[in-house]
Amino acid sequence: MTHDGLSPLRYNGLVLETKSVRLTETVKAGGCASKLSPAVLDKVLSRLPRQQDPNVLVGFDHADDAGVYRLTSEHALVQTVDFFTPIVDDPYTFGQIAATNALSDVYAMGGKPLTSLALVCFPEKADLDILERILAGGLSKMIEAGCTVIGGHSIRDEETKFGYSVTGVVHPQKVLANNGAKPGDALVFTKALGTGVISTAIKKGVAEQSWIAAAIESMATLNKKAAELIASKSYGVHSMTDITGFGLIGHAREMALASNVSLRLFSKDIAILPGALECVRAGHIPGGLKANREFAECLVGYEAEIAEDLKTLLFDPQTAGGLFIAIAPDDCEEFILDLEDLGIPARYIGNVTESVKPLIRVY
């Protein structure tokens with residue numbers, strides 16, 4: 001199996017021809033764009049009974065990144081699960097991105113990942129070399145994170161899907177949920193937007209190599225360094241989430257509602273991946289983006305000069321996206337400089353205000 005997804009066909013040891021296996025062509029939607037819409041989840045989860053367990057520090061009530069369960073006064077478990085369909089064509093890279101995305105939920109809660117279980121859905125008659133490369137890619141990122149893969153589960157499925165259940169630890173008093181943002185806080189984002197529209201262009205076979213390379217670099221970069229920096233210094237970080245399937249606006253909405261605040265976003269300061277706006281203009285719009293926009297745009301107000309392509313990108317479902325952080329304004333500049341020293345291209349992109357209408361205003 002070659003690294004670019006090519007499977008050589010052999011007869012008596014001779015290579016007869018080479019057949020290209022494009023993973024993104026085998027699925028209807030790729031990465032976090034393949035997930036259920038926020039409207040569907042909101043409708044279903046709101047009907048479920050609430051469990052009464054005082055040790056549940058973070059449940060599904062506020063649509064946070066992971067669950068947190070207190071074990072002792074000094075130790076709590078952080079638990080999450082995330083898997084999806086291929087977002088790129090190379091199996092090894094797909095595995096890396098899936099692992100990075102799953103680990104991100106633990107980092108977003110201020111936790112340290114410890115163990116993981118692989119989740120595999122794979123066609124019964126597909127090339128097992130592809131599966132091996134997917135697993136190897138995922139393992140490489142788990143090793144980088146210091147997270148031990150201790151098992152997993154697999155089923156036959158016509159569409160390939162891959163991800164992990166990840167368990168981590170955090171001090172019960174140092175959990176960074178999405179409900180702690182305070183008026184006056186600065187908003188910092190550690191990556192660029194655009195993986196959803198670029199992955200759609202990849203699936204259509206029209207993405208430029210420079211766009212693909214930049215998107216892959218972003219999606220395969222762990223949020224580990226940023227999370228460890230926050231844990232190691234006494235910044236006034238009040239709330240944190242990672243920007244994934246619901247897009248920047250969708251996850252900003254969750255933070256605002258959970259914290260009973262409003263957010264102001266400065267569109268000119270939001271980093272955008274090369275090719276992302278071109279993909280929007282060309283109509284490479286994933287279904288998940290449309291669902292995100294239909295669900296959350298009613299809570300957003302725009303200044304008149306915001307371009308339509310940029311408005312669209314704010315709802316783009318991100319895969320293995322960056323951390324979205326509400327931090328005390330006095331700490332913001334030092335925090336961004338420290339992130340830059342670690343090679344993290346973080347940006348100050350907005351502020352938290354008292355709760356007003358609209359919930360989110362984009363300038």
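Me: In this predicted model, how many nonpolar residues are in the lining of the second largest pocket?
Reply: Sorted by class, the lining of the second largest pocket holds six charged and five polar residues. The nonpolar residues in that lining number nine.

Me: Which residues lie nearest the centre of the second largest pocket?
Reply: The second largest pocket has a volume of about 470 Å³, and 20 residues line this pocket. Helices α5 (209-219) and α6 (224-232) each supply at least two residues of the lining. Nearest the centre of the pocket are Lys191, Thr221, Gly343, Ile344 and Pro345.

Me: Is alanine 214 buried or exposed?
Reply: Alanine 214 is found in helix α5. The relative accessibility of alanine 214 is 19%. The cut-off for burial is under 20%, so alanine 214 counts as buried.

Me: What distance separates the C-alpha atoms of alanine 214 and valine 261?
Reply: Along the chain, alanine 214 and valine 261 are 47 residues apart.

Me: Where does leucine 48 lie, and what accessibility class does leucine 48 have?
Reply: Leucine 48 lies in the loop between α1 (38-45) and β3 (56-58). Together with Leu41, Leu45 and Phe60, Leu48 forms a nonpolar surface patch with about 270 Å² of accessible area. Because leucine 48 has a relative accessibility of 39%, its class is partly exposed.

Me: Which residues are linked with Asp157 in a network of salt bridges?
Reply: The count of salt bridges in the model comes to 10. In one of them, the side chains of aspartate 157 and lysine 161 meet at 2.7 Å, N to O. Aspartate 157 is partly exposed at 21% relative accessible area, whereas lysine 161 is buried at 18%. The residues in a network with Asp157 are Glu159 and Lys161.

Me: Which helices hold aspartate 309 and arginine 281?
Reply: The side chains of aspartate 309 and arginine 281 meet in a salt bridge, 2.7 Å from N to O. This pair links distant parts of the chain, 28 residues apart. Aspartate 309 is buried, with 15% relative accessible area, and arginine 281 is exposed at 55%. Aspartate 309 is in helix α10 (residues 308-313), and arginine 281 is in helix α8 (residues 276-281).

Me: What is the relative accessible area of lysine 268?
Reply: Lysine 268 forms a salt bridge with aspartate 269, with the closest N and O atoms 3.4 Å apart. Lysine 268 is classed as exposed, and its relative accessible area is 70%.

Methods. Residues are numbered from 1 along each chain as its sequence is written. This is a predicted model: local features need pLDDT of at least 70, side-chain atom pairs count only at pLDDT 80 or more; totals for chains, interfaces and linings use all residues. Side-chain values use heavy atoms; hydrogens and water are left out. On a 1 Å grid over the protein atoms alone, a cavity is a set of points where a 1.4 Å probe fits but cannot get out, and a pocket is an open set with protein on both sides within 12 Å along at least five of seven lines; lining residues have an atom within 4 Å of a point. Grid points are joined across faces, edges and corners, and a volume is the space filled by probe spheres set on the points. Helices (H or I, at least four residues) and strands (E, at least two) are DSSP runs, numbered from the N terminus. Ala, Val, Leu, Ile, Met, Phe, Trp, Tyr, Cys and Pro count as nonpolar, Asp, Glu, Lys and Arg as charged, and the others, Gly among them, as polar. Patches are made of residues with over 30% relative accessible area and no salt bridge: like charges are joined within 9 Å, nonpolar side chains (Val, Leu, Ile, Met, Phe, Trp, Tyr) within 5 Å. Accessible areas come from the Shrake-Rupley method with a 1.4 Å probe; for residues, only the protein chains shown count as cover. A salt bridge is a side-chain nitrogen of Lys or Arg within 4 Å of a carboxyl oxygen of Asp or Glu. Buried means under 20% relative accessible area, exposed over 50%, partly exposed in between (1.4 Å probe, protein chains only).
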